[in-house]
Every structure is written in structure tokens, then in C-alpha cells.
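Please take a moment with the sequence and the structure shown here before reading on. The paragraphs below are meant to be read with both in view.

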Amino acid sequence: MGKIKALELADLPQGSMKEVELEDETVLLIHEKQGVFAVCGMCTHAQVHLAGGWIEDGVTICCPQHGGKFDIATGKAVAFPAVTSLETYPVSIENDVIFVEIE
Ligand code: FES
């Protein structure tokens with residue numbers, strides 16, 4: 001599938017996140033101080049939308065359902081009951097547009 005236009009950078013200010021549907025994938029875009037990240041938008045524990053959760057310390061996304069946590073850069077599950085990592089997607093920004101690479 002390749003590189004897909006996801007969102008205008010202006011629509012994702014630093015400190016925010018937004019769920020988008022790209023090629024049948026639910027993707028969560030997160031803009032923090034260290035950059036823009038794209039992870040699977042569904043928690044690996046019980047398929048809850050992570051967009052309803054919150055970011056902790058600028059580095060982890062917390063699931064709103066049971067409090068599982070994932071590293072926003074690597075997708076790694078870092079807090080129980082989440083044990084399976086989230087899929088992550090390469091992000092690039094060109095001319096203030098966010099692109100996500102989906103295979
Ligand atoms: S659904 Fe996310 S931790 Fe349970």
C-alpha cells in the first residue's frame with residue numbers, strides 16, 4: 001500500500017492525538033515533543049480504541065479500559081494487562097502534511 005496521506009500537521013497540534021482510518025487500518029496519530037508517531041489505534045488487550053485514552057509523560061499511551069500502557073515510539077507494551085505490543089507505522093512529514101507508511 002505504501003505511503004498514505006494521513007492528516008495536515010495543523011490538525012494535530014503538539015500534545016494531541018487523533019484516530020484516522022487508513023486502508024482499513026485504525027491508526028492513532030500522536031504528536032508529542034519528540035515528534036509525530038503512528039501506532040495501531042486498537043488496544044491489543046481487548047480491542048478498545050486507544051484514542052479514548054491519554055498520554056503519560058509524553059512517552060506512553062494509556063488504554064482507557066484497563067490501564068494497559070504502550071510506548072508511543074516502539075509500540076512496546078509496558079504495563080499490564082497489555083502484554084502484546086502495538087503495531088507501529090513509519091511517519092514522514094512533507095510540506096506540513098503527515099504521511100503514514102502502511103504495508
Ligand atoms: S482493553 Fe486496553 S488494557 Fe484492556
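Predicted model: local features only at pLDDT ≥ 70, side-chain atom pairs only at ≥ 80, totals over all residues.

The chain has zero helices and eleven strands, and so, read from the N terminus on, its elements run β-β-β-β-β-β-β-β-β-β-β. Along its principal axes, the C-alpha trace spans about 40 × 30 × 20 Å. A compact globule of 103 residues would have a radius of gyration near 13 Å, and the chain agrees with this, because its own value is 13 Å. Of these 103 residues, 29% count as buried. Among the contacts with a separation of 6 or more, 37% are made by residues 24 or more positions apart.

We can now turn to the sheets. In general, the strands of a sheet pair through backbone hydrogen bonds, and the pairing can be parallel or antiparallel. In this chain, four strands form an open sheet in the order E2-E3-E4-E9, and their pairing is antiparallel. E2 and strand E9, which covers residues 88-89, stand at the edges with a single partner strand each, so one side of each is left without a neighbour in the sheet. Within this sheet, E2 and E3 pair in the antiparallel sense over seven bridges, and valine 20 stands opposite valine 27 in E3.

Another open sheet of four strands has the order E5-E6-E7-E8, again with antiparallel pairing. Its edge strands are E5 and E8, each of which pairs on one side only, and the twist from one strand to the next averages 35°. E5 pairs with strand E6, residues 60-62, in the antiparallel sense over three bridges, and the bridge partner of isoleucine 55 in E6 is isoleucine 61.

Strand E10, residues 91-94, and E11 pair in the antiparallel sense over four bridges, with glutamate 94 standing opposite valine 97 in E11. The two strands form a hairpin with two residues between them, and in this hairpin asparagine 95 takes a positive phi near 50°.

Apart from residues up to four places away in sequence, lysine 18 touches Leu7, Leu12 and Leu29. Lysine 18 and phenylalanine 99 are 81 residues apart in sequence, and their C-alpha atoms are 14 Å apart in space.

Some details of the backbone remain. Most residues other than glycine have a negative phi, and most peptide bonds are trans. Against that background, glutamine 47 has a positive phi of about 55° although it is not a glycine. The place of glutamine 47 is in the loop between E4 and strand E5 (54-56), and this residue counts as exposed because it has 9 C-beta neighbours inside 10 Å. Asparagine 95 is likewise not a glycine and has a positive phi, of about 50°. This asparagine is found in the loop between E10 and E11 and, with 6 C-beta neighbours inside 10 Å, counts as exposed. Finally, a cis peptide bond joins phenylalanine 80 and proline 81, with omega about 10°, and proline 81 lies in the loop between strand E8 (77-79) and E9.

Definitions and conventions:
Residues numbered from 1 in each chain as written. Pairing = 2+ DSSP bridges. Contact = placed C-beta atoms within 7 Å. Rg over C-alpha atoms; globule rule 2.2 N^0.38 Å. Buried ≥ 20, exposed ≤ 12 C-beta atoms within 10 Å, placed from the backbone. Axes fitted to C-alpha atoms, helices over the stretch in contact; angles between N-to-C directions.
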